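Here's a quick briefing on the structure below. Have it open while you read, and click along as the residues come up.

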Amino acid sequence: MNIGIVGGGQLGQMLAQAGQKIGHSFKFLVPPGECCVESLGQVIRSDFHDQHALAEFAQGVDVFTFEWENVPLATLESLSHFAPMRPAPHCAQVAKDRIQEKKFFQAAGFNVQMFAPVSCHDDLAPALQHVGVPAMLKTRGQGYDGKGQRVIHDASAAALAHTQLGNVPCILEAFVPFDFEISLIAVRAKQNASLTTSTVSAATTLFYPPCRNQHINGILHQTTVPAIGVDAQVLRHAQAAMEKMMETMQYEGVLCVEFFVLNTPAGQQLIANEMAPRVHNSGHWSIEGAHTSQFTNHIRAITRQELGSTALRAPSVMINLVGEIPPGLAAQKSFNEHRIQNVPGDHARDEIDNVSVHIYGKSPRAGRKLGHITAIGQDAQQRAHLTLTGH
Ligand code: AMP
């Protein structure tokens, strides 16, 4: 099948790498700027509004998906007149506005922190009164990797923070004194449905084991799987709510929801923070650590093929390479790949040293995700750190 991906970053890269292994070909619509998918298929370079470029991109595509939710709704809808867009354009909408997202979470049965909309400076005082301090002021849209947010320690700092954020529409959220953070990654696929039908049919939803995430400066630093310390009953409740939410959206593909975990005397509480209607950074470990990666399963879901097992192969630790690639890692990557070619078997990589290095080929810049490493096995944490420090 010919799959059209909107976007050309590392998520598009890893989707195409996974999809090519199961026989699909790829085409990309990429806005101006650097991309890392050139070697993986035809790249149409255009902004998202050029109808001629959209038609050119759509030519020969059997199914579309997106690797970035902040694509304009009109672009996703235009493309969906040529071939199905999966997940459907409305699924991306929910995640574009933090206020809508919170309301959506509440309707699905998730707990959310106190919040209030802030459209202009005059909204700040009532919002602060409702939410209290400390709080987080975040832009309603376009925020990712900790961008577009400020911690508010006292009311007097709020106006300055709003100005620093460009006086754009914001949300004021209560600061959550969480114990740790997790993400739940699910994949939903329709069964026995032809590629093009839009009628509601039976679907399968599978969950990856919960991922425990550590952020530094708002950017994901490390994911450990399985997440230790999550109450089984609380987890089941969250998974049930997420499954229902995906059913409501008639979702097809991978979805991630990030949670704050609070241990209180009354028990454990999960607070839904954010969702990503796409493959997610906290699922990168699944390339080596799960029987079927989030990328392969996303491709399987959008092409309406049977899903592969999401079960864990071995405990996994993923660490992002942000801003710079530690010296020696690039050399280790090519050395490993050479050895892998000479070892038979599906998971030869793991039999060698249990640490995989992924480098996306982007130019280094402070705060930019340039690659990641994944270590699997009982001593994954230790080996991941040994790999990074080179000792
Ligand atoms: P976000 O862009 O909402 O995913 O935020 C990035 C990271 O900032 C989160 O993963 C948390 O580590 C931290 N953060 C965001 N919102 C809050 C909050 N309301 N309370 C405490 N920490 C937060």
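This is a predicted model: local features need pLDDT of at least 70, side-chain atom pairs count only at pLDDT 80 or more; totals for chains, interfaces and linings use all residues.

Residues are numbered from 1 along each chain as its sequence is written, and side-chain values use heavy atoms, with hydrogens and water left out.

- Thr374 counts as buried because its relative accessibility is 0%; buried means under 20% relative accessible area, exposed over 50%, and partly exposed in between, with a 1.4 Å probe and protein chains only.
- Setting aside residues up to four places away in sequence, Thr374 touches His284, Trp285, Glu288, Val317, Met318, Asn354, Val355 and Ser356, a contact being heavy atoms within 4.5 Å.
- Ser293 sits in the loop between helix H9 (286-289) and H10.
- With a relative accessible area of 9%, Ser293 is buried too.
- Beyond its neighbours within four places in sequence, Ser293 is in contact with Tyr208, Ser286 and Ile287.
- For a sense of scale, 34 Å separates the C-alpha atoms of Ser293 and Asp50, which are 243 residues apart along the chain.

**The ligand and its shell**

- The ligand is surrounded by 16 residues, and the closest are Lys138, Glu173, Val176, Glu181 and Glu274; a residue is near a molecule if one of its heavy atoms lies within 4 Å of it.
- By class, that shell has six nonpolar, five polar and five charged residues. Ala, Val, Leu, Ile, Met, Phe, Trp, Tyr, Cys and Pro count as nonpolar, Asp, Glu, Lys and Arg as charged, and the others, Gly among them, as polar.
- Strand S6 (135-139), strand S8 (170-174) and strand S14 (267-276) each supply at least two residues of the shell.
- On the nitrogen side, a polar side-chain atom of Glu173 lies 3.0 Å from a nitrogen atom of the ligand, and a polar backbone atom of Ala174 is 3.0 Å from a nitrogen atom of the ligand.
- An N or O atom in the side chain of His215 is 3.3 Å from an oxygen atom of the ligand.
- On its own the ligand has 470 Å² of accessible area, and the protein covers 93% of that (Shrake-Rupley method, 1.4 Å probe).

**Glu274 up close**

- Glu274, one of the closest residues to the ligand, lies in strand S14.
- The side chains of Glu274 and Arg98 are joined by a polar contact of 3.2 Å. A polar contact is a pair of N or O atoms within 3.5 Å; within protein, one must be able to donate a hydrogen and the other to accept it, and residues adjacent in sequence count only if both atoms are side-chain atoms.
- Apart from neighbours within four places in sequence, Glu274 is in contact with Arg98, Glu101, Phe105, Gly143, Cys256, Val257 and Glu258.

**Nonpolar cores**

- The largest nonpolar core has 35 residues, and Ile3, Phe26, Phe28, Trp285 and Phe295 have the most contacts inside it. Such a core is a set of buried Ala, Val, Leu, Ile, Met, Phe, Trp, Tyr and Cys residues joined through side-chain atoms within 4.5 Å.
- Elements that each supply at least two residues of this core include strand S1 (2-6), helix H1 (10-21), strand S2 (25-30) and helix H10 (294-302).
- H1 gives the most to this core, with five residues.
- A second, separate core of 32 residues includes Val94, Ala95, Val230 and Val261.

- The peptide bond from Val133 to Pro134 is cis, with omega near 0 degrees, and Pro134 lies in the loop between helix H6 (124-131) and S6.
- The peptide bond from Val225 to Pro226 is cis as well, with omega near 0 degrees; Pro226 is in the loop between S12 and helix H8 (232-248).
- Asn217, a residue other than glycine, has a positive phi near 55 degrees, and at 71% relative accessibility Asn217 counts as exposed.
- Gln250 is not a glycine, yet has a positive phi of about 50 degrees; Gln250 is partly exposed, with a relative accessible area of 23%.

Terms used. Helices (H or I, at least four residues) and strands (E, at least two) are DSSP runs, numbered from the N terminus.
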